[in-house]
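Hi everyone, thanks for making time for me today. I'd like to walk you through one structure, starting with the whole chain and then visiting a couple of places in it. Have a look at it with me.

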Amino acid sequence: MSQRKNRYSMLGREMFFLIVMVVLMIALMGRVAYIKIVHGSDYQAAAEAQQLDSTDVTIPALRGPILDKNGNILAESTRIYNVILDCQVLIESSEAKQKSTVEQLVSALGLGSEDQVRRYMTSEYADYRYLKFDPGKGISTEKMQIIQAGINEGSVVGVWFEEAESRIYYNGSLAAHVLGFNGVYGVEQYYDEYLQGTSGRKMVVAGSGVSYVEEYIEAQDGCTLTLTIDSKVQGIIEQFMATGVEVTNAVQGAAILMKCSTGEITAMCEVPTYDLNDVTTLIGTSEKWLENNPDKSDPDYYANVWNSFLISSTFEPGSCFKPMFMAAALNEGIVTINSPFVCNGYYTVYDAEVGCAGGEWHGLEIPSDIIANSCNVGMTQISLLFPRADWLLYQEAYGLGNLTGIDIAGEAGDNRSLIYVSAEEAERLGTGNAIGFFEKATTAFGQGFRMTPMQLICAMNSVINGGEYLRPYVVSQITDANGNVIASQTKEVLRYTIDSWISHELRTYMRRVVREGTGMNALVPGYDIGGKTGTAEKTDENGGYAEGKYVVSFISFTPVEDPEYVLLVILDETDKNVSSQSAHLAGMIWEAILPELGLYPDPTLNQEAVSPSLYDLTISTYQGISPFDLEAERAQAGEGASDSE
């Protein structure tokens with residue numbers, strides 16, 4: 001009985017202590033909770049104060065490189081470093097450590113005086129644990145490694161590095177409007193999400209006079225873009241365009257070279273341009289451009305050059321559009337290849353008169369003559385036969401008023417007010433651009449509506465390549481930092497415009513333009529080239545036509561039987577305002593680039609022709625098969641909107 005009683009007594013005491021412990025634990029937990037909720041921020045601040053300092057540094061990923069189609073590097077980022085000083089460590093270190101640190105920084109960074117470092121070793125900076133050292137910003141890996149060696153051996157103290165990035169464009173201004181710079185404009189902006197990569201992170205914690213890395217997450221570098229641009233061909237075209245703008249004193253000039261079968265852009269250039277490594281350095285600004293842009297403080301001064309005219313600006317294409325309208329008429333059976341028309345120099349549509357350039361009359365013509373003669377009267381007569389509803393469908397097919405889908409940032413042209421639309425759509429939009437008989441007539445010879453140069457070359461390409469409207473593109477492949485292909489682009493047919501036999505027919509018409517018409521300046525010995533000239537008045541700020549200001553253009557292709565490349569050349573406001581100059585410039589370009597593209601002259605073709613490079617572009621008279629009358633061209637250019645060449 002006594003033993004049992006003792007046992008119960010011991011169990012009672014244990015139970016009592018257990019209950020006491022539980023109560024104490026509950027009380028402690030409650031106190032902790034109270035402190036965390038009520039005073040948590042105060043204690044957190046105190047804890048952070050005890051840890052003297054910390055720095056959370058973002059490690060920028062290297063922006064991905066950009067290559068041309070042959071693997072040549074056009075743009076690349078390199079790793080650079082910023083020198084960071086922990087002034088407190090420097091101040092608290094021994095005199096010997098201070099001396100060796102200062103000497104090594106002065107030597108590695110090429111400083112002029114020790115004072116540039118010692119100024120931060122005073123009481124004024126005693127609490128600075130992170131100070132970006134100005135003379136040490138953006139240093140190379142080689143300089144960083146020299147200083148790091150001193151850090152490793154202990155002769156340099158209170159110094160560490162912050163990683164940064166430097167973007168290099170190896171060819172200066174080459175393909176500037178394709179590339180863009182540092183994430184803006186061009187493919188730099190369009191493909192920014194692929195190029196920028198993923199940043200890393202370095203947590204540097206300073207405490208008890210010692211700096212150390214607490215956490216390090218490596219940056220993932222950006223992807224590589226491989227372009228369709230051939231940098232050698234690009235460079236050749238840029239040289240010719242720069243010369244063309246200079247000698248003709250044009251406001252600007254531009255060119256696009258597209259591969260007919262795929263839609264890939266082989267070259268694309270504009271003048272004036274700019275240095276990608278110093279974007280405020282403009283190149284090729286003519287007297288006229290400077291007259292139009294006199295104020296460098298204007299917010300648009302540089303943007304006027306950085307923006308791509310070829311994709312972001314619109315113009316009236318003039319007679320370059322005639323083959324597209326003719327192709328549609330033939331495709332619809334509205335006319336046949338032998339349909340007769342008569343040009344007496346002018347034609348009246350209701351109360352408006354359409355005239356041929358310079359008052360010229362062409363007499364009896366069939367469609368091929370109308371294109372070769374660039375006859376406005378013939379095109380007008382065909383337009384009157386074309387039902388409005390049917391033509392509006394071809395406008396859509398040719399991409400008028402719609403984006404091409406080019407993979408370069410800043411494309412414009414997606415605007416229905418730029419073109420003529422149905423009466424119903426015009427009313428719905430609240431615009432006055434409803435298509436009537438006269439509007440359809442002016443459209444037939446490329447006046448009264450606007451399109452971007454990229455829209456023009458894409459539409460024309462569909463006319464000459466068999467009827468395929470192709471999406472243009474400049475990036476063929478994207479690979480990640482490990483070399484894995486993550487995206488690629490090839491030929492993409494967006495729609496069909498005309499039958500293949502119509503395409504063949506139009507190519508022969510445009511061959512006549514170069515052999516015997518307004519495009520003879522583009523004739524190159526040994527090559528079969530087709531093309532079409534265009535001269536169109538420029539619009540002014542009020543929407544009317546600016547007197548005496550023209551855009552002259554020439555769109556051409558080769559070989560005629562099976563086109564491989566199509567080239568658009570534009571000169572804006574030359575001194576003579578004649579399309580023969582753009583045709584002449586195109587001929588010079590073709591002669592220079594075709595061997596580079598693997599297309600060599602055929603000794604049986606056009607051997608009586610004279611090389612375009614032998615004649616003065618400023619005069620631009622043709623002296624090959626037959627003389628070209630420059631005075632007639634001057635007259636053509638001066639007849640106004642209804643007299644587009």
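So, the protein chain has 22 helices and 23 strands. Please keep in mind that this is a predicted model. Its pLDDT averages 87 over the protein chain, and 86% of the residues score at least 70. One stretch to treat with care is residues 32-52, where the pLDDT is below 50 and the model has nine contacts beyond near neighbours in sequence. Another is residues 621-644: pLDDT stays under 50 there too, and the model gives this stretch 69 contacts beyond four places in sequence.

Now the chain as a whole. How many of its residues count as buried? Of the 645 residues, the share is 53%. If we take contacts with a separation of 6 or more, 72% of them are between residues 24 or more positions apart. The accessible surface of the chain is about 28300 Å², and carbon and sulfur atoms make up 51% of that.

Let's go to our first stop, helix H3. Helix H3 covers residues 95-109, so to speak a run of 15 residues. From first C-alpha to last, H3 reaches 21 Å, close to the 21 Å expected at 1.5 Å a residue. Which residues of H3 are buried? They are Gln98, Ser100, Thr101, Val102, Leu105, Val106, Ala108 and Leu109. And what do those buried residues pack against? Their partners are strand E3 (73-85) and strand E5 (159-169), along with helix H2 (87-92), helix H4 (115-118) and helix H5 (141-153).

Our second stop is strand E18, residues 475-479. On one side of the story is strand E8 (residues 224-227), which pairs with E18 in the antiparallel sense over four bridges. If you want to find this pairing on your screen, look for Thr226, whose bridge partner in E18 is Gln477.

E18 also pairs with strand E19 (residues 485-488): the two run antiparallel and are joined by three bridges. Here you can look for Ile478, whose bridge partner in E19 is Ala487. E18 and E19 form a hairpin, with five residues between them. In that turn sits Gly483, which has a positive phi of about 90°.

That's my tour, and I'm happy to go back to any stop!

Note on methods:
Residues are numbered from 1 along each chain as its sequence is written. This is a predicted model: local features need pLDDT of at least 70, side-chain atom pairs count only at pLDDT 80 or more; totals for chains, interfaces and linings use all residues. Side-chain values use heavy atoms; hydrogens and water are left out. The expected span of a helix is 1.5 Å times one less than its number of residues. Buried means under 20% relative accessible area, exposed over 50%, partly exposed in between (1.4 Å probe, protein chains only). Contact means heavy atoms within 4.5 Å. Two strands pair if DSSP finds at least two bridges between them. Accessible areas come from the Shrake-Rupley method with a 1.4 Å probe; for residues, only the protein chains shown count as cover. pLDDT is the predictor's confidence in each residue, from 0 to 100.
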